[in-house]
Structure formats: structure tokens, C-alpha cells
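Subject: Structure for you to look at

Hello,

I am passing on a structure that you have not worked with before. Please open it below, then read my notes alongside it.

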Amino acid sequence: MDSTLPPSPPAATEPALRLTGLVKRFGEKVAVDGIDLTVPAGSFYGLVGPNGAGKTTTLSMATGLLRPDGGSAVLHGVDVWTDPVTAKAMIGNLADGVRLFDRLTGEQLITYTGMMFGLPREEITARTADLLALMDLREAAGTPVVDYSAGMTKKVSLACALVHAPRILVLDEPFESVDPVSAANIEDVLRGYAGSGGTVIVSSHSMDLVQRMCDHVAVIAAGRVLAAGTVDEVRGGQTLQDRFVELVGGRHHSEGPQWLRLS
Ligand SMILES: Nc1ncnc2c1ncn2[C@@H]1O[C@H](COP(=O)(O)OP(=O)(O)OP(=O)(O)O)[C@@H](O)[C@H]1O
């Protein structure tokens with residue numbers, strides 16, 4: 001290496017995530033059709049779009065779960081698909097539809113996840129206790145995850161995503177099925193995490209939540225980015241909900257079919 005070369009810029013100046021020309025096809029279906037997205041480090045970034053827009057597919061490619069057919073995903077300067085081990089160590093991932101080791105109890109699952117990331121045992125014990133309390137799962141700590149409700153399963157998955165204090169949290173629908181008190185507690189923690197320099201990327205169908213929590217947002221539909229930027233830039237003076245409907249379309253303005261009218 002040439003010692004006269006200037007040192008690499010500090011990691012903080014790099015975006016947390018840069019997606020370039022990302023493409024994924026399932027047979028004839030183009031699920032992700034050339035997505036470019038830059039997520040600034042330290043941002044709270046919302047990904048919104050109608051059902052089937054390609055959000056989960058995009059996040060799966062960005063986190064090393066699904067190999068892209070084209071394009072690249074780079075996390076803090078590390079290419080996810082050429083150096084997946086380094087990239088994955090930076091990510092806390094709450095993925096949609098990924099099987100858990102659900103014969104383990106909640107406490108065992110969080111502990112096991114901490115061990116996979118190589119944390120010291122005492123640290124894992126302390127963090128697991130904190131996370132069980134945070135997620136209101138203390139009473140269910142010894143229950144196998146297979147017996148958890150949908151919301152409890154979501155919360156234990158979120159605990160597993162947090163246990164190694166990752167640089168980037170990628171959360172696919174984190175509040176789906178989660179009760180309002182737990183959701184408010186989790187929101188506080190995510191705000192604190194982002195406020196301390198962590199990056200949160202969250203997909204959600206709740207425009208209220210995205211407008212309240214996120215500083216940036218991307219609207220995607222049919223595998224393409226329709227708008228991206230700060231939340232204020234994207235909504236342009238409207239509510240995010242109205243702007244979303246304007247961008248994506250699809251409102252029917254109908255009271256439903258005649259046969260569903262009971263009087
Ligand atoms: N494994 C797969 N095989 C075939 N098609 C798939 C597969 N995964 C996703 N798709 C298709 O790709 C498109 C994008 O799906 P994706 O799950 O990424 O959407 P999404 O934006 O996360 O939707 P939702 O909001 O409903 O969760 C959809 O048309 C879906 O049917």
C-alpha cells in the first residue's frame with residue numbers, strides 16, 4: 001500500500017447504507033426494479049409503500065439475507081455481498097418471515113443471539129435482563145417462543161436485534177401486533193438509540209408513526225423509489241398520509257359492493 005495516500009475518510013462521513021441499482025426478480029416478477037437509496041448515518045429512516053411494493057425484498061438484500069440480481073448494498077463502506085461477515089456484524093435485523101429458533105425460551109433466544117455475536121457471557125446476562133424488562137417479557141422469559149403471541153414474538157425478535165448494540169437497526173414492521181404501551185416504550189428506546197448516533201431503518205404502513213418518528217423517508221411502489229428525502233421534503237406541506245396517497249394512488253372512494261350493505 002502507498003503510504004503517501006491520504007487516510008480513508010472517517011466512517012461517520014459515509015452513509016450508513018447506500019443502495020445502488022438494486023434489482024430482484026422472482027421469475028417474471030420484478031420485485032425490486034433498480035432502487036437507489038442513501039441512508040445518512042444517524043438518521044431514522046422510514047420505508048413506506050403499498051403491499052407488494054418491494055420493501056421486504058429490498059431490506060432482505062440490504063441485510064445479506066437475499067442475494068440481489070443486480071446492484072449493490074454498502075453498509076458504512078462495507079459491501080454486504082462481498083464482505084457479509086463484517087457487514088452483518090453491524091446490523092441488528094428484525095426481518096419479516098424469518099424462522100426463529102422458537103423451541104428456545106425468550107431468555108435463551110436472546111442469550112443465544114448475544115453468543116452468536118461473541119459478547120462476553122456476563123454482558124449477555126445483563127443485556128438480556130434489560131431487554132426482557134424493556135419488552136415487558138419478564139414473566140414470559142422462561143416460556144418457549146413457539147408459545148408466544150404474535151406481539152410477544154415480535155418483541156423478542158426486536159430484543160435479539162438489539163442485543164449486540166448494532167450500528168444499524170433494520171426493522172421490518174417493528175410495531176405490527178405490538179400493544180400500545182410496549183410500542184411507546186420501544187419508541188423511546190429507538191429514539192435514544194438514534195439520538196446517540198445509531199441508524200434506524202424502519203418499514204411501516206403507519207404514516208403517523210413514520211411522520212412522528214422518522215427524519216427521512218422513502219416511498220416505494222412497484223419496486224421503484226417514487227420519492228425520498230427528509231420527511232418534510234417528501235410530504236411537501238401535506239400530511240405524509242395524503243402525500244403517500246397522491247404518489248401511490250389506488251384510493252377507491254367507494255362504500256363497498258351492494259351485497260355488503262345490510263340495510
Ligand atoms: N420469494 C418470493 N417468490 C416470489 N415472489 C415474491 C417472493 N418474495 C416477494 N415476492 C413478490 O415480490 C413483490 C414484493 O414483495 P415484498 O414482500 O418485498 O413487498 P412489501 O413491500 O414488503 O409488501 P407488504 O407491505 O405487503 O409486506 C410482491 O409482488 C411479492 O409477491
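To begin with a helix and its strands: α1 lies across β1 (17-26), β2 and β4, and runs at about 120 degrees to β1. Contact here means that the C-beta atoms of two residues, placed from the backbone, lie within 7 Å. Axes are lines fitted to C-alpha atoms, for helices over the stretch in contact, and angles run from 0 to 180 degrees between N-to-C directions. Helices (H or I, at least four residues) and strands (E, at least two) are DSSP runs, numbered from the N terminus.

Please note that this is a predicted model, in which local features need pLDDT of at least 70 and side-chain atom pairs count only at pLDDT 80 or more, while totals for chains, interfaces and linings use all residues. Residues are numbered from 1 along each chain as its sequence is written.

Those strands belong to an open sheet of 4 strands, ordered β2-β1-β4-β5, with antiparallel pairing. β2 and β5 (78-79) are at the edges with a single partner strand each, so one side of each has no neighbour in the sheet. Strands count as paired if DSSP finds at least two bridges between them. β4 (residues 70-75) and β5 run antiparallel and are joined by 2 bridges; Leu75 stands opposite Val78 in β5.

There is also an open sheet of 6 strands, in the order β6-β7-β8-β3-β9-β10, with mixed pairing. Its edges are β6 (91-94) and β10 (224-230), each with a single partner strand, so one side of each is left without a neighbour in the sheet. From one strand to the next, the twist averages 10 degrees. α1 packs on this sheet too, touching β3, β7 (168-172), β8 (199-203) and β9, and its direction makes about 150 degrees with that of β7. β3 (residues 44-48) pairs with β9 (residues 216-221) in the parallel sense over 4 bridges, and Gly46 has Val217 in β9 as its bridge partner.

Next, the ligand. The residues around it include Phe26, Lys29, Asn51, Lys55 and Thr56, where a residue is near a molecule if its C-beta atom, placed from the backbone, lies within 6 Å of it. β2 (29-39) and α1 (55-62) are the elements that give two or more residues to this shell, and α1 supplies the largest share, 3 residues.

Finally, the UniProt annotation "domain: ABC transporter", from an unreviewed entry, covers residues 17-247; such annotations may be inferred rather than shown by experiment. That span is 38% helix and 26% strand, and its end C-alpha atoms lie 24 Å apart.

Regards
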